[in-house]
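Work through the exercises below with the model open. Try each task before reading its solution.

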Amino acid sequence: GIVTLLNLKSEKKNDDAVVMKTRHAYGGYFLYVLTKLNIILGAVFHRDGEWTGGIIGYIVAVIVIQILFGVLMKVGSKKYKPLEDDIQSANSLKENQTKLLQALSEGKTAEEIRAMLPNYKWA
C-alpha cells in the first residue's frame, strides 16, 4: 500500500503503480464478494436455513450502503477537493503576482521588491 501510494504521488509517470493500484482494488472486491458468499452459505447450512432470510436482508443492506458510499466518494464534495486543483496557471495570475514571481526568480532582495510593489503584501 505505502509503496503504491508513494509511486502514485511521484512526479515521474509510473504505469506500474497504476496497475498495482488497480489489482489491489479488484483483489479487495473479490475478497469482499467471497466473504459475503461465506456468510450466505453459513446461514443456509446452519439449522437448516433458519437464518437465511435475515442474513440475505443484512447483506443486501450492506451492499446498498457500500454502493451509496462508493458513489458519494466518486462524486465527492466540491468543498473538499484536492489542493492541486487550486493551483493557478501562469496565465491566470494577476499583474502584481507576475511581477513578484519575476522579481523572486531574478534574485532581487526584499527591499527591492518592497520598493517595486509598495502596497503588495507577501511573505
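## Exercises on a predicted model

Buried residues account for 10% of the 123 residues in the protein chain. The model is predicted.

**Exercise 1. State how many helices and strands the protein chain has, and give their pattern along the sequence.**

Step 1. Count the elements. The protein chain has five helices and zero strands.

Step 2. Read along the sequence. The pattern is α-α-α-α-α.

Step 3. Turn to contacts between residues at least 6 apart in sequence. Of these, 12% join residues at least 24 apart.

**Exercise 2. Describe how α2 packs with α3.**

Step 1. Two packed helices are described by the angle between their axes and the distance between the axes.

Step 2. Locate the pair. Helix α2 covers residues 15-45, and helix α3 covers residues 52-75.

Step 3. Read the geometry. The angle is about 165°, and the axes lie 8 Å apart.

Step 4. Classify the angle. Angles over 145 degrees count as roughly antiparallel, so α2 is roughly antiparallel to α3.

Step 5. The crossing of α2 and α3 is right-handed.

**Exercise 3. List the residues through which α2 and α3 meet, then sort the contact by class.**

Step 1. Take the α2 side. Its residues here are Tyr32, Lys36, Ile39, Ile40, Ala43 and Val44.

Step 2. Take the α3 side. Here the residues are Thr52, Ile55, Tyr58, Ile59, Val62, Ile63 and Gln66.

Step 3. Sort by class. The contact of α2 with α3 has ten nonpolar, two polar and one charged residues.

**Exercise 4. Is Lys36 buried or exposed, and which residues does Lys36 touch?**

Step 1. Lys36 sits in helix α2.

Step 2. Check accessibility. The cut-off for buried is under 20% relative accessible area. Lys36 has 12% relative accessibility, so Lys36 counts as buried.

Step 3. Find the partners. Leaving out residues up to four places away in sequence, Lys36 touches Tyr58, Ile59 and Val62.

**Exercise 5. Find the salt bridge and judge the accessibility of both partners.**

Step 1. Side chains of opposite charge can pair when their charged atoms come close.

Step 2. Count. The structure holds one salt bridge.

Step 3. Name the partners. The side chains of Glu106 and Lys108 form the salt bridge, at 3.8 Å from N to O.

Step 4. Glu106 has 48% relative accessibility, so Glu106 counts as partly exposed. Lys108 has 34%, so Lys108 also counts as partly exposed.

Technical notes
Residues numbered from 1 in each chain as written. Predicted model: local features only at pLDDT ≥ 70, side-chain atom pairs only at ≥ 80, totals over all residues. Heavy atoms only, no water. Axes fitted to C-alpha atoms, helices over the stretch in contact; angles between N-to-C directions. Helix = DSSP H or I, 4+ residues; strand = E, 2+ residues; numbered from the N terminus. Parallel < 35°, antiparallel > 145°, perpendicular 65-115°, else oblique. Left-handed = near helix turned anticlockwise from the far one by under 90°. Contact = heavy atoms within 4.5 Å. Nonpolar A, V, L, I, M, F, W, Y, C, P; charged D, E, K, R; others polar. Salt bridge = Lys/Arg side-chain N within 4 Å of Asp/Glu carboxyl O. Buried < 20%, exposed > 50% of the residue type's maximum accessible area, 1.4 Å probe, protein only.
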